[in-house]
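Here is a friendly walk through one interface and the confidence behind it. Please have a look at the two chains before reading on.

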Amino acid sequence: MNVNQQTPMASPYGQPQPGYGQPGYGAGYPAPYAPYNNPASVYQPGAPPQGPLRGPPTSVPAPVSAAPQAYSHYGQGEMQNGPPPGSQAPPRPAVSQPYNQGAVNLSGPPQPYPQQYGAPPPMQQVTNQMTGMQISTGPPTAAGPGYAPPHSSQPPTSAAYSIAPHPAYTQGPPPASMAPSQPPPPRDPAPPQPYYGGPPPPQHPASSASAAPLPPPPSSHQSFPPTSYPGPQAPLPAGPQAPLPPGPQAQPPYAQGPPPPGSQPHYAPAPPHAHGSYPAARGPPPPSQPGPYPPAGPPPTSAPPGHYQGTMPPQPPAGQPATYHSGPPPPRAQMPPSSMAQTNHLPPGPQGPPGPLGPPGPLQQPPPQPGMQGGYPPQQNGAFGQVRGPQPGYPGPYPGQQNYGPQAPAPAAQAQKRLDPDAIPSPIQVIEDDRVKTTEPFTTGVRGQAPPLVTSNFHVKDQGNASPRFVRCTAYNMPCTADMAKQSQVPLAAVIKPLATLPPDETPPYLVDHGEAGPIRCNRCKAYMCPYMQFIEGGRRFQCGFCSCVSDVPPHYFQHLDHTGKRVDCYDRPELSLGSYEFLATVDYCKNNKLPQPPAFIFLIDVSYNAVKSGMVNIVCQELKTLLDHLPRENPEMDSVVRVGFVTYNKVLHFYNVKASLAQPQMLVVSDVADMFVPLLDGFLVNVKESRMVIDSLLDQIPEMFADTRETETVFGPVIQAGLEALKAADCAGKLFVFHTSLPIAEAPGKLKNREDKKLIGTDKEKSLFQPQVGFYSTLAKDCVAQGCCVDLFLFPNQYVDVATLGVVPVSTGGSVYKYTYFQAQSDRERFLNDLRRNVEKPMGFDAVLRVRTSTGIRATDFFGSFFMSNTTDVELAGLDCDKTVTVEFRHDDKLSEETGALMQCAVLYTSCSGQRRLRVHNMAVNCCSQLADLYRNCETDTIINFFSKYAFRSVLTSPTKTVREGLVNQCAAILACYRKNCASPSSAGQLILPECMKLLPVYLNCVLKSDVLLPAADVSLDDRAYLRQLLSGMDVSESHVFFYPRLLPLMKLEGDSLPLAVRDSEERLSKGGAYLLETGLHLFLWVGANAQQELLLNIFGTPSFGQIDPNLTSLPVLDNPFSKRLREIVDAFRAQRSRYMKLIVVKQEDKAELIFRHFLVEDKNASGGASYVDFLCHMHKEIRQLLS
Amino acid sequence: MATFPEFISQNEERDGVRFSWNVWPSSRLEATRMVVPLAALLTPLRERPDLPPIQYEPVLCSRATCRAVLNPLCQVDYRAKLWACNFCYQRNQFPPTYTGISEVNQPAELLPQFSTIEYVVQRGPQMPLIFLYVVDTCMEDEDLQALKESLQMSLSLLPPTALVGLITFGRMVQVHELGCEGISKSYVFRGTKDLSAKQLQEMLGLTKPSAAQGARGQQAPQPPLSNRFLQPVQKIDMNLTDLLGELQRDPWPVTQGKRPLRSLGVAMSIAVGLLECTFPNTGARIMTFIGGPATQGPGMVVGDELKTPIRSWHDIEKDNAKYMKKSTKHYEALASRASANGHIMDIYACALDQTGLLEMKCCPNHTGYCYMVMADSFNTSLFKQTFQRVFAKDEQGTFKMAFAATLEIKTSREIKVSGAIGPCVSLNAKGPCVSENEIGTGGTCQWKMCGLDPSTTLALYLEVVNQHNAPIPQGGRGALQFVTQYQHSSGQRRIRVTTTARNWADAQTQIQSIAASFDQEAAAILMARLAVQRAESEEGPDVLRWLDRQLIRLCQKFGDYHKDDPNSFRFSETFSLYPQFMFHLRRSPFLQVFNNSPDESSYYRHQFVRHDLTQALIMVQPVLYAYSFNGPPEPVLLDSSSILPDRILLMDTFFQILIYHGEMVAQWRKAGYQEMTEYENFRHLLQAPVDDAQELLHTRFPMPRYIDTEHGGSQARFLLSKVNPSQTHNNMYNWGQESGAPILTDDVSLQVFMDHLKKLAVSSAA
């Protein structure tokens, strides 16, 4: 009952994991980093790298560019091209050409690939055996241009991975940062090796041998050479590269590296390593390599890549594919993307094999060029895996690698058994690459094209498909058949944010008015007029793109067709040319066939003892006075038509009559909470402007009236009922703002008891804790939805309030839950008020129904989000605001055709805040593929994670969390294994090969698995878990992304307008001498290292001493220096980006609060048993291997 | 002692009691043969300005089953300081305070002229008066405004210490918290859900406050005397005036074709509950103002569909009034709760249509003397003045109302009490004087009357139980003692004791003296109450038949005739008016429902059973005065023959005061002669009945309806329906003559009635 003013913080979060920052890493990291960096830089070249590598030797710069292209081509050409002739083909050509250059082989290879890999080939995995090489994939299309893209895109990544171990990673990720580190890395290699641990070694051998084969699995995954890799690579890099014969290769790379800008150096080193390692392997191949290289060489154009390439090239034959193949693949699908290609193969494997590797090597090598196609492509995918795997796995190759010199050491290192964290795919790198790559506006006209990542800034041009801001899909190439879908296990889902706010430079959806007859729709499936409707018979009829039914065009809508069969007015009508638009709905679309009333907002304020004491009541009342001027409106010039009403409550409810004609508000107490009703109609919901005086008087008096209250019990169910009844009485939709403090234990419907029982956690009964305690709220929610009553709940608990139960109504009505545990007026005021303001002001629709229609062949089967469904197709949302997302899962019920692709149309019928009934339509078309490789090439990991997490978080209601976690791991393993089996070039089983597009899947998945919901720390309350669980259900991709993988920004240098490059979420990355900003979408931490420089502290806090920093600071002091200014800008910008205000928490190193902070360093092991990224990757690899065997 | 009439009137003056027989037949058998039962009309609080209350408490007989009060009929042994109870013959010691008693120093209660005496109880706290307004808000703005004004005005009439409370209702029921600063607060209840007192207590948060009040007891001198909902007028006068001022019409929209939803049943239930849990056993008035029928919740009498009219007598006969039984039950339950706690429920119903008085009648009826008022609108003087008159004060400046009264009756051994008819409820007190035969509210010797005013009159029916073979000693007297305890409007508890006695007579030998002691007025009213009571539960014709048979038997018993010769029939003077009363009673709205709505019937009956004899007689047989140039105003026969063109008639039916201008007078008036100075006498003539009417209006409560009409006027029907239709279209011999006006009716005239009566009375077949 009492207000416990404990610090909330402490308890919620688990202790940071001490374990995490293993010192060891530190050392190791640098090395890895270095490589990464290289890779990063390399990336671009990445693709090229291979080329370069090969080429580099020869023609460093020019080639590179060429190379990239080549890569892409390769990717495409090789893997995919084969299969997906159409799109791929084109790319290929281009690519191939480059390839040719880089490696004429490519051209050749492609064919071979197909041959060898069969399906896989399609993938663009350029099997860059070695990391670097693989990376090359990046720039699919234009060879030249490709480069650039390549870099950023896949190549790097893939490279990173595969090479990751070695070069790849290094390249991809942190070019910049790595750079510095890189240097060290080279030598560090040794340390890295240890990471790789034992496994690798074994692989190596195998890999070496198999390496050759591996490469083949051209698919563009990044294969991790799990264990082995690091070792090998590391070693490789260091030793090998430089020294190695690869040296030549490597050198070339290096040389190339240098050529590339800043990164070069890094690259250089890195590549070397990578290369080195590869080289080592290649060593033997050198000859062949050369061959490859040559090809590469050309590509080498991109100097940086060159390095890789250099190495790669040799690898390419074998390893290239593995590594970054991904890169290449993309090209196919979409030229550009393709280039990006998937490949995150671990180069190692491939490399090993490709180049040099003994037997295979030769074989391949020869093919390399020719064969390369085969071998490499595959490798691309697996690059990573390969790297490690191969090495370890390929004994043979390894030897070869060993030959490389560096590699040799690597193996040893591998044996050590640790993965070099820098060698594994880095989210930061991927994000950065995508960001850099994304310069052009994204046009939605091309079907099957994956949009830029959510973390990139981009401009969207609507050319017939919905903007990714509205709809994001997990896969932009859907499998044609259910079998394929089942085999791949890749979820087919779309994350739809129907009312998303667009940036100011993009046009909001046009409003179309079709007059009294209403929107024109297909007669059979009722799909709305959209660009997919085919007009026939001279424009008199149209054929539905969804169900193929032919309907008549109403006379008033008739228009002639031009010679292409398009309507002449096609571009004059948004519904014929755009992906997103709105229809004005007619009365037929309204409840009871009556045009809706403007919605109403009702504020329901808890005035029990706790609420008053915490200052909440006072704050709310004060704030409402200003907030009421900011009610949502469509025309900023007009007053809002939204009416407002006020209720306070404790054990009973107090309604207020604030009719304009009254001198004083009147309070109407309803104590019959068992049977709630609204005591008044007229005067309860009022127009703000008219009743301003009375409302102000009321808001002034509420805090006074209850200042001395001693009532501690509250009700909750009746509160919502009251709001609902009020809306019913007023016959309008609306939103309830409930400000609530405590568990509703007063005698009333929906009364709850405290059931927090820590003993249940981890047992089979745990799920019951997430389920509502009583069925009352579910029924209530249903009623609310029927009336269009959306409930937003602001909780201010001091103890258990049973969020799982209280949240039922908000979650089912499209509302939000905000939780301010241990609310204190002083410190939480700002956060709460910002949330409240935003919530009140944000545009939203009411009484909405969302329906997703799809082409024949698939259908929407499952929905996730904050809504209610009374049947299986209609998603009913009492309220739908601009932040709410609905995730839809699709399943096949028939075959899809590659020609028509898969169409989906999401129509949302809603009442706008001005009371207008509208239909918002989002159309989305994706490709269909008959090759799995295409599927893997056009996925979006962030969206997949969004789906997975929503699925998992919902599953905890019905299954034990352990089962849920296992299920996730299994599915993820199945996805990757399928890729490995079907798309990646054959490689050692020990090699971990990840698709380029999914190379971050493991790290993100690990974050999901470690989330408080699925794996709670001992001090995470049940409420917090339930809260997060519910919160996630409405998150869009960008929010879920940062939620699972927080953004960590080093603050040492803030220059210019750009943000400093983020670092990975690991304690290893934190420098004692620095300060970091960590953002999770819910929290904002400012971590200050114990040895932070005085200047830094002065700039930020205005105090020179670490000890003088006030850990209770909630906002940064306003200091007149550019640094402080910029920092505050950044903080503000971050806050502006998120739907919820993030309170700034200052964390001093080694302070108690650091425990909480560490909880968000998601790559580290955590106290509750969550695996570190590295460990998890190993685990994942094991799982995949099990599946494959 | 002179004549019986004088004796009767003397007794009435002194004791407020009138018996149907003033000499009692001494045996049970004889008594039953008297046809008109032995009964008394008691007006417990009859105004006695000459009777100062005694400032001590009564001395009671010490026998536990008797507890009769010392009275002038008791035998007193002054030396032994003993007195013998005249009811149970118990000998009692005088209390110590009576030590100075002697033949020359008698306490007042022993003086014969103090057969009625009033004591003031000194014990116990002085309770404040409590007025709880229950106000309907479903009415036209004009009406509501008038009502608000009346209520605001009433605040100024209340004593400053009186507690007032306000409940308003429409679709919801609001209990207003008084004395809030700033925001006015009220508790709202759903109009469709009945609440028990306990629930209500919790919901109003009255449990804790009472505990808290207990704690604060030391500081506050009178902690229990108020709560948030009932506060002294002096404290919240302004606040309540504002509150009433801001009272809005029920804001819920009423769609066309619907009645507003009016939660009267729940509102009354809450009012009862509120008082029940805050001021049990304390006099309080719940004053309910309604502008229409209850349309929802418990106690609803009609649905909200306008197309379904409210039940009529026709529906009730056809058993077509679907809400009636349930609703009646609800109000009966409320009435019994209220009466158990001594609370009065008044109803002021002002609407053109019915409001459900039929269902609610038990509320006022059971809670004792209450006001049930029926008017067309709150915006009429009928309501306004009636309401104002509720707060009329006597010379001492106290209200003419008493609260939470109980009446106990003590009887001599020879008689027992069968029951009472009037505004009372049984307290179920068994005792030696309770008869096994029940008449009216019987089976008890104590009744509760939550509210009393000076005219409230109970009819008490007695039974002679003395057996025929146990003669009463010569000169023996039957004695009755009425003990009325009540809360005076000054807050005091008082006890009024009336002890009265009548002679016994052997009916066989002294039938003449018994017949001579017949009080035909009282008998008529007593019989009428019996008939009205029967009419509540029996079919109208049955009641009339019963009434007729009683009348015939009375004629047979006491008439003077030769068998089978109607013309020989003579009635003695003491009986002569009785048949005429019966004739008018048969035609009265108390027994005839034709042309009356159920509500009206209920209202009339309610008024009839609570008013004193004089007024009840007016109700039965209206008074008619004639004004003409032929002489001074004179009472004339209530007969159609009294209606003459050159006369102005003033009829007083108690409920209506009607001035009727004859045909010629009306023409003169229309021609404006009264304006001309030369016809000043005509102006005087017109003015005379108006002045007289005003006089009546001023004394009458509730306010009668004042009607000014003329020959041929539509409202003349009120007159025509009352007069004896001696001239109708059927008896043409008077048709067209100057005297009188024919009535177009098939009703029998008094003449025909009497002819039949005589025929039947003398018939040997009967």
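## Where chain B meets chain A

In this predicted model, 21 residues of chain B are in contact with 29 residues of chain A. Putting the two chains together buries about 2100 Å², and carbon and sulfur atoms give 55% of that area.

Polar interactions take part as well: 10 residue pairs, with both residues at pLDDT 80 or more, are in polar contact between chain B and chain A. Two elements of chain B, strand E10 (172-177) and strand E11 (184-190), each give two or more residues to the side that touches chain A. Of these, E11(B) contributes the most, with 7 residues. Sorted by class, that side of chain B holds 10 nonpolar, 5 polar and 6 charged residues.

How does E11(B) run relative to strand E17 of chain A, parallel or antiparallel? The two strands run parallel, and 5 bridges join E11(B) to E17 (residues 666-670) of chain A. Within this pairing, Gln666(A) sits opposite Ser184(B).

The rule also finds 2 salt bridges across the interface. One of them links the side chains of Asp675(A) and Arg190(B), at 3.1 Å from N to O.

How confident is the predictor? The complex receives an ipTM of 0.83 and a pTM of 0.75. Chain B averages a pLDDT of 86, and 94% of its residues score at least 70. Over residues 208-225 of chain B, however, the pLDDT is below 50; this stretch has 12 contacts in the model beyond near neighbours in sequence.

Methods. Residues are numbered from 1 along each chain as its sequence is written. Chains are lettered from A and ligands numbered from 1 in the order in which they are written. Side-chain values use heavy atoms; hydrogens and water are left out. pLDDT is the predictor's confidence in each residue, from 0 to 100. Contact means heavy atoms within 4.5 Å. Buried area is the accessible area (1.4 Å probe) that two parts lose on being put together, summed over both. A salt bridge is a side-chain nitrogen of Lys or Arg within 4 Å of a carboxyl oxygen of Asp or Glu. A polar contact is a pair of N or O atoms within 3.5 Å; within protein, one must be able to donate a hydrogen and the other to accept it, and residues adjacent in sequence count only if both atoms are side-chain atoms. Helices (H or I, at least four residues) and strands (E, at least two) are DSSP runs, numbered from the N terminus. Ala, Val, Leu, Ile, Met, Phe, Trp, Tyr, Cys and Pro count as nonpolar, Asp, Glu, Lys and Arg as charged, and the others, Gly among them, as polar. Two strands pair if DSSP finds at least two bridges between them.
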